[in-house]
Structure formats: structure tokens, C-alpha cells
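Here is a short briefing to read alongside the model.

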Amino acid sequence: MKRLLMAAAAAVTVAVTGFGVAHAASPEAYVEYRKQALKASGDHMKALSAIVKGELPLSAEAAKHAEAIAAIMETLPAAFPEGTAGIAKTEAKAVVWSKPDEFKANAQKSADAAKALAQAAASGDTAQMGKALAALGGTCKGCHETFRE
């Protein structure tokens, strides 16, 4: 959990400070960062799914997971700056950089869905969380179809 929260905090730092490739030690650092941030987001979604399904009696913890996802999704475009395409084996397609406005629009849909999930999780209503989690999953899938191998 600590590692996942650190990834979310790093995502927020990048977005707030506006660091770009020129400020990074290397473009490879961005590739590694986005791999970890997206993995963390997926791990939080899996944890939330277990809570929503009733596999774990941790509904009080749901908001923490949802907030972490929202933080990561909000900063996602910052993890794909120009100059980081094709420098390492990743699942990101070149269209991320050739159509950055389209990528950012799709990322914003996921960020909006993640915010809605955080609101649902704060309510403690697992049925509402389940709907919001499914909606977020749909935005992720839509983005993956276009922008991920």
C-alpha cells in the first residue's frame, strides 16, 4: 500500500510542478514512472473490486483506494511527455504522441470517472461504488483500445 501511495504522490508532484522530460534524469525514467503508476492504479482497482464484491469487509478503506486512483488518473498525461515514445518496450502506441489531444481527452474521461468513483467510495454505498468502478473500467478499456498494444 505504501508503494502505491508513493506512486500516486509522485504523479501529483509531476502534475503540480509541471516537470517535463527536460527536468527528468532520462526519458526512461518517465517510462518506468508511468508503468508503476498505471500498475498501482490497476492494483487499487483490484482491491476495490474485492471490497465491492464483498470478498473483504473493508468498505471503510475503499475511499483511500479510490482517491489514489483519482490522483493517478488526473496526472496521467504528464507521464507521457513528448520525447518518451519508443525509447523502451512498453504497451503505449505511437498514437499517444501523434494525437496528444485525443489522448488527453480520453485520459480526462478516466480522470472524471475516477473522481466519481472517489465520491461513490466516500458514500460507503457498495452498490454505488460498483457502478462507478464499472464506469471507470469502461473508460480505461476505451483508452486501451486506441492507445495501448
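Accessible areas here come from the Shrake-Rupley method with a 1.4 Å probe, and for residues only the protein chains shown count as cover. By that method the protein exposes about 8,000 Å², with carbon and sulfur atoms supplying 58% of it. This is a predicted model, in which local features need pLDDT of at least 70 and side-chain atom pairs count only at pLDDT 80 or more, while totals for chains, interfaces and linings use all residues. Residues are numbered from 1 along each chain as its sequence is written, and side-chain values use heavy atoms, with hydrogens and water left out.

**Overall fold**
- The protein has 6 helices and 0 strands, where helices (H or I, at least four residues) and strands (E, at least two) are DSSP runs numbered from the N terminus.
- Of its 149 residues, 38% count as buried, meaning under 20% relative accessible area with a 1.4 Å probe and protein chains only (exposed is over 50%, partly exposed in between).
- Taking contacts (heavy atoms within 4.5 Å) between residues at least 6 apart in sequence, 74% join residues at least 24 apart.

**The nonpolar core**
- A nonpolar core is a set of buried Ala, Val, Leu, Ile, Met, Phe, Trp, Tyr and Cys residues joined through side-chain atoms within 4.5 Å.
- The largest one has 35 residues, and Leu48, Ile69, Phe80, Leu117 and Leu136 have the most contacts inside it.
- At least two residues of this core come from each of helix 2 (27-52), helix 3 (62-74), helix 4 (95-98), helix 5 (100-123) and helix 6 (126-147).
- Helix 5 gives the most to this core, with 9 residues.

- Leucine 136 lies in helix 6 and counts as buried because its relative accessibility is 0%.
- Beyond its neighbours within four places in sequence, leucine 136 touches Met45, Ile69, Ser110, Ala113, Ala114 and Leu117.
- Leucine 117, with the neighbours within four places again set aside, has contacts that include Leu48, Ala66, Met129 and Leu136.

**Helix 3 against helix 5**
- Helix 3 and helix 5 pack at about 165°, their axes 8 Å apart; axes are lines fitted to C-alpha atoms, for helices over the stretch in contact, and angles run from 0 to 180 degrees between N-to-C directions.
- The two helices are therefore roughly antiparallel, the word used for angles over 145 degrees.
- Among the residues that meet are Ala66, Ile69 and Met73 in helix 3 and Ala111, Ala114 and Leu117 in helix 5.

Technical notes
Angles under 35 degrees count as roughly parallel, over 145 as roughly antiparallel, 65 to 115 as roughly perpendicular and the rest as oblique.
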